[in-house]
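Hello,

Here is the structure I said I would pass on. My notes follow below it.

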Amino acid sequence: MRYSKLFSPTLRDTPADAEVVSHQLLLRAGFIRRVTSGVYDYLPLGLRVLRNIEAIVREEMNRAGAQELLMPMVQPSEFWQKSGRWDKYGPELLRFKDRHEHESCLGPTHEEVICDLVSRELKSYKQLPMNLYQIQTKFRDEIRPRFGLMRGREFVMKDAYSFHANAECLAKEYQNMFATYQRIFKRLGLKFRAVEADNGSIGGSASHEFHVLADSGEDLITHCSACDYAANVEKALSTPPTYQGHNAGLSDASTPNKSSVEDVAAYLKVQPADVLKTLIYTAIGGDNDGQIVAACVRGTDNVQDIKLARAIGADEVELASAEQLLSIGTITGFAGPIGLSCPVYVDTSLQDAVGLVAGANKKDTHITGLNISRDIQGATFADLREAQAGDTCGKCGKGTMEMSRGIEVGHIFELGTVYAKPMQVLFQNEQGKRDVATMGCYGIGVSRLMAAVVEQCHDDNGIVWPVNLAPFQISVITLGKSEAAITASAKVYNELLDAGVEVIWDDRKESPGIKFKDAELTGIPLHIVVGDRGLNNNALEIKTRTGNKQEASLEQVRDTALRMLAELKEQD
């Protein structure tokens, strides 16, 4: 490819609306352009990287025994109504009607479609197991798309679905996909971590997320210092520090204009850990839709919303309004667990807690001497608190929990029959009886991976692509306008093409400074500089994107470049 023919508009300045490094650099380097909120064009360089990522994903999925197909992006509402998700999925599901008033949606995922397909073709256990996957565009109408490709509305995803005759077979394929994902992310040159995760709106039982470690990550993940336990904070099990309270009788304490944990603790001369934080929520979705509940944790802890939602059987929760607080007998800023006309949930770490301070459900008043087991009748104990750094590991009980930021790029699920049963994915088992297939689901955010790689692979001058992902592996940069430089550049360019290298020849009539800056910005791994000075000395400069330099004669430049390229691949 000649750079003079390439459509790759680079930017010298960082766009004002680009907050994270990957968004900034992918825009500046001419890989993507914004169409509308959360929707992007992939320009030629960006598309080449996307295809390289897809190729690695495809190779490893095929190696693992999965078969590729392609399903439609537009899905009929009947499928979603049959699975029960049409009304549950929420506003991220973009619904629309065609000219015949038939309701459909743009697919955010494809459980329903794949179940419909398999239900019509599956007859016998002899056809199982099977794993079918696609690499396809999805659409989720995010309320706040941001960070470029990291959280868009339209995105490219690899989603796979496996079908099995029993749970043991599913568990085996789950491990197969776990290992496959590890190979994929290692080949992409990423520093990543697999963590236990909540299943979210997909449903099912066991699941793991795969996170690229980056400070810009939206997810907080925790991992043990002594064992291999790691989890998203939405699910993490850990034990907080032990607090020794003093048993005493209940009494009222005046706390004028003091409602925050810190202010109450300071005013009553106690520690924040001695204060009981009581938050009032409303359940959204699930069997208890609309129910008001109270959630209690120590003042030094935070309620993990997803843990609470799972504990009360809701899809999600939101903080209750002032009117809802009044309806259960409390007020804003002074809520406490005693006397509320709603279910009370208390974190399991507080089962034996005594001597606590809590809201008295009346203005400017708290109670002291609260004994959880004595004073809160009918409470339900559940894991509600969000894990914190320094907690004791909930798995081994020895190590301490550490925190990292992660970008979720993959998620695998043991779905069981949550979709197969309502979608009637049936087969004849070995006993000759009709049975329901059990399912697994395995997703990778392909376009998000492009951003995740950039978050880890960049420097002050631009992107530093791993060799197997770069849009071009080598850039031949012509300096000057002499016939000798142009002829030598063409020779090197064609020799590399013949050797099977993805190479771009910067033949533009631009200054050396612009050419070098663009080569660094776009992240091409290896640069060959062809100019009159190097030709006169018969020593052309070959340098890596990170600055390592060698020289070679015109006759040897191809072989030297290929050797350096091979060394870079080994390093990746």
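Strand β32 (residues 540-544) is joined to β33 by four bridges, and the two run antiparallel. Within this pair, I542 stands opposite Q550 in β33. Helices (H or I, at least four residues) and strands (E, at least two) are DSSP runs numbered from the N terminus, and strands pair if DSSP finds at least two bridges between them.

The model is predicted: local features need pLDDT of at least 70, side-chain atom pairs count only at pLDDT 80 or more, and totals for chains, interfaces and linings use all residues. Residues are numbered from 1 along each chain as its sequence is written, and side-chain values use heavy atoms, with hydrogens and water left out.

The open sheet has five strands in the order β30-β29-β31-β32-β33, with mixed pairing. β30 (503-506) and β33 (549-552) are at its edges with a single partner strand each, so one side of each has no neighbour in the sheet.

Helix α14 (residues 557-571) packs on the sheet and touches β29, β31, β32 and β33; contact means heavy atoms within 4.5 Å.

Among the buried residues are R448 and E455.

T438 lies in strand β26 (residues 438-445) and counts as buried because its relative accessibility is 9%. Leaving out residues up to four places away in sequence, T438 touches S162, F163, H164, N166, A167, L170, G416 and T417.

Regards

Definitions and conventions. Axes fitted to C-alpha atoms, helices over the stretch in contact; angles between N-to-C directions. Buried < 20%, exposed > 50% of the residue type's maximum accessible area, 1.4 Å probe, protein only.
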